[in-house]
Amino acid sequence: MASRPIVQQHNGGGEAVGKQKNMAAAEGRNRRALGDIGNLVTARGIDAKQITRPVTRSFCAQLLANAQAVAAAENNKKLVPVNVDGAVIVADGVGGKGAKAVAVPKVAPRKVTVKPDPKTVIEISPDTVEEIKINKPVVNDKKPGYGSSRKKAQTTLTSILTARSKAACGLNDKPKEHILDIDAADIDNELAVVEYVEDMYKFYKLVENESRVHDYMDSQPEINERMRAILVDWLIEVHNKFELTPETLYLTLNIVDRYLASTTVSRRELQLVGLSSMLMASKYEEIWAPEVNDFVCISDRAYTHAQVLVMEKRILGELEWNLTVPTPYVFLVRFIKASVPDQLMENMVHFLAELGIMNYATIIYCPSMLAASAVYAARCTLNKSPVWNDTLKLHTGFSEAQVMDCAKLLVSFHKKAAENSLKTIYRKYSNPQQGAVALFPPAKALLASTTTPTTI
């Protein structure tokens, strides 16, 4: 039977192993529980030269070495460096028989930058300049170039300049206006079609220019602006006599202007055009429209039954039977609702709008602009505050500056209404049933910078 070779060990190695066993037994209470032995990592600070025992493959020797490394790592905090003749000796501060000394390589001391004693730092704020004294010395152990003080200073300066710019522009003091939901009260009203009303008015804004009337008076050799104003004044009187809806009046004038813009009309037929236009508008808008004979009678039989029907057919052919157009009244309904009016406000808007459609000077403005300007002028006349807000701007699509010119024109018509020879509109809105809004003084703020045009 082959015998295993015996490896002789030095006495010094045996003594070291004995000492290690005694140390492990003495310090067993301070060791932490071992985990997976195979996954242990040798702690730092242990020099391989310190182990004087021979390296064997014995499991007990390996276990003992691992325990020694763990114990040394835990007691590393208690080691006290002692400088002896230029060499650094790390001694265990516990003392007693178990005290030991381990020689470790000398480590270069770490440089620590200490700022001077308390000094004064000036910090700039948006409004004031404050002095802050720092009493505690600041230790900066970071490398040059890696500090964040410079970055923080730049950020603070930028925020200060931004705050000052906003304050100079008045952005910080401007409150956000609340946009009202003008359809909230009609959510249960099926006739209000709240689900589609916004899309409907977007469509009206798109197509209003398709039926918009251009300046046609130069193409009419026998008709002038004064004749048109007389016709409109008479049609408004007929409209009141028959007690028709406002939609009928605005559609009538739209038909008249569109026909005059496309065809030359003699002076003798101008009133006939107005009668036939109101007949068509009544059929389109009214539930019980007046008959042809009613229009013949109200014209004092200036035209026959047949002439009214022939002119009606001629107008429809010229307009290609297109009567579905957005008139100023379509926009007035929506814009008045956006202004959250009372009855007085509503009457004032209709008064100014009718003054606008009677005067030929407003034909250069689109229907939505005329309606928005009437609302603006009415709010100025009644001293409403604010005159124009975000809710009106959202629903009308116009800013205050955009409606200013047309609003000044309407206010100038209001100023001359009492002196004008065509008083149908003035008498209509001087009635207490209409709030007598025609008797209100015109908006002085808009008259101050207005050059009053000649009123028809």
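Pro386 lies in the loop between helix 12 and helix 13, and a cis peptide bond joins Ser385 to Pro386, with omega about -5 degrees. Helices here are DSSP runs of H or I with at least four residues, strands are E runs of at least two, and both are numbered from the N terminus. Keep in mind that this is a predicted model: local features need pLDDT of at least 70, side-chain atom pairs count only at pLDDT 80 or more, and totals for chains, interfaces and linings use all residues. Residues are numbered from 1 along each chain as its sequence is written, and side-chain values use heavy atoms, with hydrogens and water left out.

**The chain overall**

- The protein chain has 16 helices and 7 strands.
- Of its 456 residues, 37% are buried; that label means under 20% relative accessible area, with exposed being over 50% and partly exposed in between (1.4 Å probe, protein chains only).
- Among contacts (heavy atoms within 4.5 Å) with a separation of 6 or more, 72% come from residues 24 or more positions apart.

**Loops and positive phi**

- Asn383 sits in the loop between helix 12 and helix 13, and its phi is near 60 degrees, a positive value in a residue other than glycine.
- Glu243 has 69% relative accessibility, so it counts as exposed.

**Aromatic rings**

- The whole structure holds 10 aromatic pairs: rings of Phe, Tyr and Trp (its six-membered ring) with centres within 6.5 Å, called stacked if the planes are under 30 degrees apart, edge-to-face if over 60 and tilted for the rest.
- One of them is Tyr201 with Tyr204, edge-to-face at 5.3 Å centre to centre and 90 degrees between the planes.
- Both tyrosines belong to helix 4 (residues 197-207), where Tyr201 and Tyr204 are 3 residues apart, about one turn of the helix.
- An α-helix has 3.6 residues a turn, so residues three or four places apart point the same way.
- Tyr201 is buried because its relative accessibility is 15%, while Tyr204, at 23%, counts as partly exposed.
- Phe203 and Tyr204 make a tilted pair, 6.5 Å centre to centre with 50 degrees between the planes.
- Elsewhere, Lys423 puts its charged end over the ring of Tyr426, 5.8 Å from the centre; the criterion is NZ of Lys or CZ of Arg within 6 Å of the ring centre and within 35 degrees of the ring normal.

**Helix 10**

- Helix 10 (residues 328-338) is mostly covered, with 8 of its 11 residues buried.
- Phe331 and Phe335 are among those buried residues, as are Tyr329 and Arg334.
- The cover over the buried residues includes helix 4, helix 6 (246-262), helix 11 (343-358), helix 12 (367-381) and helix 13 (390-396).
- After helix 10 comes Val340, with a positive phi near 50 degrees.
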